[in-house]
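Work through the exercises below with the model open beside you. Try each task before reading its solution.

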Amino acid sequence: MSASSSQPASAPLSPKRSDVQTGVLGTWRNPGIWLILLAIVVVGVWPVVTQRAATREVIFTVLLSVVLASSLNIILGYTGYVSFGHIVFFGLGGYVGMYLLSAQQASLWVAIPVGGLAAALLAFLLGKAILRLRGAYFALATIGVNEAMRTFINNFEPFGGPTGISLNLKIYQEYGGAAQALWLTYYLLVVFALGAIILSFMVKTSKFGLGLVAIREDEDAAEVMGVITPNAKTWAYVLSAILPGMVGVLFYFKNGNVEPGDAFRLHFSIELLVMVMLGGFGTVLGPVIGAAGYQRLRGFLLTSPLFKDIQLAVAGVLLLVIILFIPAGAVGWLRNRFPVLRRVLP
Amino acid sequence: MPQIDLLLASLPDGILLGFVYGLAAMGLALIWGVMNVINLSHGPIITLGMFGTFFLFTRADTNPYLGLIPIAALGLLLGILIYIVAVHRVINAPHLSSLLATFSVNMIIIGLGTALLTTSPYNVDFTLPAIKIGSTTLLGTRLVAALVSILFTGGLYLFLYRARPGKYIRAVANNRAAAELMGIDSTRILALSFGLGTMLAAVSGALIATFFPFNILSGGGYELKSFVISVLGGLGNPIGALFGGLILGTLEGIIPAFLETSWVPVIEFSLFVMILLIRPSGLFGAKS
């Protein structure tokens with residue numbers, strides 16, 4: 001790396017980088033981001049047009065995964081820290097929100113931001129502590145945090161202990177009845193999905209994001225080049241936790257109840273990692289493609305008569321093949337194969 | 001003093017279990033120590049060991065302790081197979097790749113196992129006479145399991161420090177490039193180490209099956225315990241894992257005398273995170 005550069009922190013880290021663009025709209029001139037947002041809007045509006053609840057439920061699952069995978073990508077893909085227990089933020093946000101909704105009779109409009117804040121606060125405190133660990137030690141610590149939280153809430157009486165928190169059906173009347181509340185959560189989720197993608201793009205194209213990528217490539221070099229790594233890592237962790245906390249409230253509000261085993265399921269955490277890997281980590285589009293692809297594939301395997309019983313094994317084989325042969329994921333593979341796409345695929 | 005009575009009843013049991021937990025964790029720690037891979041297929045392999053005992057005992061009428069020999073051999077072969085198929089290509093890739101590669105093996109085993117064996121509980125109906133000392137009862141199966149664990153630990157120690165392939169393993173763990181320059185075929189040694197790691201996991205599963213009921217998903221809990229233990233004993237320090245297991249077993253024996261049993265995992269996982277933060281090299285040191 002050349003030492004003569006006047007802006008050391010934004011010096012090109014690898015010849016592959018071509019994400020930082022300038023112009024009237026700045027980085028927003030990139031057509032790729034608009035296409036992704038448009039695609040989310042089209043998919044999001046579709047069930048509203050057809051008014052079919054079944055389609056809405058399918059898309060709800062996909063968009064939920066989009067939010068979670070895109071958020072995870074900030075710490076995993078950009079910063080290079082493998083957060084194995086990322087679901088802890090989703091679960092904690094959901095729990096805090098459900099507690100406010102049921103025990104404090106708070107409205108959903110209060111519960112969602114507070115759930116997000118709780119997750120962000122946890123990420124901040126954890127960030128100060130466990131982000132010092134590198135590589136697999138960090139991954140192990142996040143598993144430990146998730147399990148400690150799950151087993152703790154299992155014993156925590158205000159949150160209902162092992163039975164969790166259930167909402168009284170009357171709560172939904174405030175939002176126009178249960179059927180209307182389902183639509184409301186859906187609209188909100190579409191907004192959150194758009195928000196997650198915009199956040200991911202903004203982080204990626206900012207100087208802050210460049211610092212994160214520098215940490216991913218070589219943390220010591222990044223430090224020498226002027227990136228204040230402990231702060232950058234902590235904020236990346238907070239940014240990756242806030243939306244999972246908020247959609248956690250949304251999800252469990254829709255679900256009507258939350259239990260420790262569901263809220264902190266390690267398996268779901270790992271599924272998120274798989275989605276990011278499938279699509280291509282470190283890209284804005286990757287987690288979106290990965291989330292949609294993974295959920296569609298799962299839906300197909302679960303309903304196919306041939307694979308129904310061994311769907312998990314089939315998914316495992318596919319995952320292994322991808323890890324071994326296409327480690328950059330779908331978007332990463334495209335970007336490497338067709339360099340011209342690097343300008344348009346964020 | 002009811003607590004003392006409770007303690008006398010639960011502590012020896014916990015310690016005996018600790019040896020078996022330690023054996024399972026030893027497999028995880030060995031693989032980590034040699035190739036810096038966290039084996040996420042550890043849990044399902046423990047489960048396979050449990051089913052090994054179940055089928056050998058109920059279908060072939062084999063003594064569970066005699067059955068350990070074929071289970072250990074199959075565990076070794078399975079581990080070598082997993083290494084060749086799933087791990088070898090990602091051995092030098094970032095951690096995420098090897099984590100997900102071993103996790104996909106986990107999914108394959110659990111997926112096939114669920115389809116073939118369902119998730120209903122299984123039980124090996126095997127008992128040995130218990131030993132009574134005062135208010136303490138030592139169950140025969142747990143006593144033998146602890147002895148077998150100690151035997152395996154001793155065997156592993158001798159193998160690593162006395163036998164030639166064991167010395168190669170330590171050399172590769174220490175510095176793979178230098179070991180290759182000395183003429184060691186590192187691929188073979190890595191495959192062997194992975195095989196030994198899964199062998200230990202399978203044997204511990206086979207032992208656990210003699211005293212606890214289980215189903216195809218049971219291994220997950222022991223996998224998490226193995227993480228805690230290997231961190232206690234120092235990741236990458238297989239012999240330290242036995243002591244880590246003893247600490248965990250002792251905790252599991254002491255805590256229920258003072259708190260509700262459901263608090264045991266809270267304390268275990270909090271301890272796990274604390275140790276990672278304060279002393280990531282483990283209580284007994286290991287390579288840093």
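A residue is buried if 20 or more other C-beta atoms lie within 10 Å of its own, exposed if 12 or fewer, and partly exposed in between. Keep in mind throughout that this is a predicted model.

**Exercise 1. Contrast two residues of chain B**

Task: Say where B:Ser135 and B:Ile108 lie, and which residues each contacts beyond four places in sequence.

Solution. 
- B:Ser135 lies in the loop between strand E1 (131-133) and strand E2 (136-138) of chain B.
- Its count is 11 C-beta neighbours inside 10 Å, so B:Ser135 is exposed.
- Beyond four places in sequence, B:Ser135 contacts B:Asp5, B:Leu8 and B:Ala9.
- Check a distance. B:Ser135 and B:Ile71 are 64 residues apart along the chain, and their C-alpha atoms are separated by 35 Å.
- Now take B:Ile108, in helix H4 of chain B.
- B:Ile108 has 24 C-beta neighbours inside 10 Å, so it is buried.
- Its contacts beyond four places in sequence are A:Ala313, A:Gly316 and A:Val317.
- B:Ile108 and B:Ser41 are 67 residues apart along the chain, with 9.4 Å between their C-alpha atoms.

**Exercise 2. A helix and its packing partners**

Task: Find which residues of helix H3 (residues 68-87) of chain B are buried, and which helices they pack against.

Solution. 
- An α-helix has 3.6 residues a turn, so residues three or four places apart point the same way.
- List the buried positions in H3(B): B:Leu68, B:Ile71, B:Ala72, B:Gly75, B:Leu76, B:Leu78, B:Gly79, B:Ile80, B:Ile82, B:Tyr83, B:Ala86 and B:Val87.
- Partners within chain B are helix H2 (42-58), helix H4 (95-117), helix H5 (140-162) and helix H8 (186-208).

**Exercise 3. The interface**

Task: Describe the side of chain A that touches chain B, by element and by residue class.

Solution. 
- Begin with the totals: 36 residues of chain A are in contact with 35 residues of chain B.
- Four elements of chain A each give two or more residues: helix H4 (108-130), helix H5 (136-155), helix H11 (266-279) and H13.
- H5(A) supplies the largest share, 14 residues.
- By class, this side of chain A has 27 nonpolar, seven polar and two charged residues.

**Exercise 4. The fold of chain B**

Task: How many helices and strands does chain B have, and why is it called as compact as a globular protein of its length?

Solution. 
- Chain B has 11 helices and two strands.
- Along the sequence they run α-α-α-α-β-β-α-α-α-α-α-α-α.
- The radius of gyration is 19 Å, close to the 19 Å from the globule rule for 288 residues, so chain B is as compact as a globular protein of that length.
- The C-alpha trace spans about 65 × 45 × 35 Å along its principal axes.
- Buried residues make up 54% of the 288 in chain B.
- Take the contacts in chain B between residues at least 6 apart in sequence: 77% join residues at least 24 apart.

**Exercise 5. A helix pair in chain A**

Task: Decide how helix H7 (residues 207-217) and helix H9 (residues 229-255) of chain A are oriented.

Solution. 
- The two helices pack at an angle of about 105°, with their axes 10 Å apart.
- Angles of 65 to 115 degrees count as roughly perpendicular, so H7(A) is roughly perpendicular to H9(A).
- H7(A) contributes A:Phe208, A:Gly211, A:Leu212 and A:Ile215, while H9(A) contributes A:Thr229, A:Ala232, A:Lys233 and A:Ala236.
- The contact has five nonpolar, two polar and one charged residues.

Notes
Residues are numbered from 1 along each chain as its sequence is written. Chains are lettered from A and ligands numbered from 1 in the order in which they are written. This is a predicted model: local features need pLDDT of at least 70, side-chain atom pairs count only at pLDDT 80 or more; totals for chains, interfaces and linings use all residues. Two residues are in contact if their C-beta atoms, placed from the backbone, lie within 7 Å. Ala, Val, Leu, Ile, Met, Phe, Trp, Tyr, Cys and Pro count as nonpolar, Asp, Glu, Lys and Arg as charged, and the others, Gly among them, as polar. The radius of gyration is taken over C-alpha atoms; the globule rule is 2.2 Å times the number of residues to the power 0.38. Axes are lines fitted to C-alpha atoms, for helices over the stretch in contact, and angles run from 0 to 180 degrees between N-to-C directions. Angles under 35 degrees count as roughly parallel, over 145 as roughly antiparallel, 65 to 115 as roughly perpendicular and the rest as oblique.
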